[in-house]
Amino acid sequence: MEAEAADGPPGGVEAALSCFSFNQDCTSLAIGTKAGYKLFSLSSVEQLDQVHGSNEIPDVYIVERLFSSSLVVVVSHTKPRQMNVYHFKKGTEICNYSYSSNILSIRLNRQRLLVCLEEAIYIHNIKDMKLLKTILDVPANPTGLCALSINHSNSYVAYPGSLTTGEIVLYDGHSLKTVCTIAAHEGTLAAITFNASGSKLASASEKGTVIRVFSVPDGQKLYEFRRGMKRYVTISSLVFSMDSQFLCASSNTETVHIFKLEHVTNRSSPKGWCHARKHKIQATPLTSHPGSAPGCRALGDPGSRPEEPSTWTGYMGKMFMAASNYLPTQVSDMMNQDRAFATGRLNFSGQRNICTLSTIQKLPRLLVASSDGHLYIYNLDPQDGGECVLIKTHSLLSSGTTEENKENDLRPSLPQSYAATVARPSTSSASTVPGYSEDGGALRGEVIPEHEFATGPVCLDDENEFPPIMGLPG
């Protein structure tokens, strides 16, 4: 998740944040400034360690790190049509590519690298940076909104399919074919994101009031959450936790919302999706009575009668749900939408920010980076939810502690290949969240996620597999 900061922080601090992004497994934070860029490790609450900093490229507005590796992709306002790929530990440029218009966003995983322009998306094989596909039949996308699954065994891509509605195009980054189109919202899209395994896709529209989650690749609606009803907001970021149990959304307001994706067998039934609506997505159908609509049971069917509620509250709840079947679609949907499981209160509003959910020092945390140059860390109660407690604030613009020299003193000499570099075990107390780890989790006894066993070229050797490509024609 990446954000480009529109406004600099007040008070004449060292430099304004022009962009900030968490890496794919939320173990690192990258920021871009007028002076260059910095990378931070997120392995500790009390200390924010600077892993790397560079002033060689000024006015950086895109910086993306590949997991916890040494590969970083940078784009500068001085050359907004050029993408630069670096091996920052060796201090070398792996390659650079030039495009026909300004680069708006970049997404990457272990197999693919996406470059999003306003009217085109370029898909590269990250092993050798070969251009595999140029998607040209896309509507104008001035914000560069797109998403790439971090699971390199599927590499699904999602991008807006319409200028006027919230249509999402789901694209297979391996077969290089369109999978399906999802009519997610009536209004235009503001945010889209995959979960870690690439099995779910979340979206929000420009109104920012409703967030929906769909299954991948079939595009079935799984969840619908309401962020608020009082006002429209601008969604700044939307992200799943690594275990896909939570979904976090931040906006231009002072509240960050966290939703819990609970496994309820019949949760799609009350939402109705068998009545007429404009959306093309339907909920997973329940067992239907002959002649009835999918997902609905016929009135008077003895097998469909639930157990009578034993309390007054239960009875009223049953009547309330029954009444919702006869209300207009918009009212019925609003009654059935789930609210936030937890919230985080910010001490500001109107500033560009991004959020993520991560496990740091074995506890779940909410992290928020903002354009005022700070990282806010909150405790999250995964059982009871409620309001998250702010426990630490870090400045991203101060000098910070640099890890590079300590690593060079404690570790053996730098291996000759990039693959050997990223294969070395980590000495830090890194996050124990199940997800991507550079050593596959084997050395720390962690559960290796299914997508770690993906076939294909996942070892990146910068000397042999990244020839110095100077540019693209056009």
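1. Is C19 buried or exposed? The model is a predicted one, and in it C19 is buried, with a relative accessible area of 0%. C95 is likewise buried, at 2%. Both residues count as buried because their values fall under 20% relative accessible area.

2. On the matter of cysteine pairing, the count of disulfides is zero. For orientation, a disulfide is a covalent bond that joins the sulfur atoms of two cysteines.

3. Salt bridges are present, and there are five of them. One of these joins the side chains of K392 and E46, at 3.5 Å from N to O. K392 belongs to strand β30 (residues 389–395), while E46 sits in the loop between β4 (37–41) and β5 (49–54); the pair thus links distant parts of the chain, 346 residues apart. K392 is partly exposed, with 26% relative accessibility, whereas E46 is exposed, with 55%.

4. A further salt bridge brings together the side chains of E64 and R107, with an N to O distance of 3.8 Å. Because E64 lies in strand β6 (residues 60–65) and R107 in strand β10 (residues 105–108), this pair ties together parts that are 43 residues apart in sequence. Both E64 and R107 are buried.

5. The salt bridge between R212 and E224 has its closest N and O atoms 2.5 Å apart. R212 is part of strand β20 (residues 210–215) and E224 of strand β21 (residues 221–226), twelve residues apart. R212 and E224 are both buried. Through salt bridges that share partners, R212, K221 and E224 form one network.

Note on methods. Residues are numbered from 1 along each chain as its sequence is written. This is a predicted model: local features need pLDDT of at least 70, side-chain atom pairs count only at pLDDT 80 or more; totals for chains, interfaces and linings use all residues. Side-chain values use heavy atoms; hydrogens and water are left out. A disulfide is a pair of cysteine sulfur atoms within 2.5 Å. Buried means under 20% relative accessible area, exposed over 50%, partly exposed in between (1.4 Å probe, protein chains only). A salt bridge is a side-chain nitrogen of Lys or Arg within 4 Å of a carboxyl oxygen of Asp or Glu. Helices (H or I, at least four residues) and strands (E, at least two) are DSSP runs, numbered from the N terminus.
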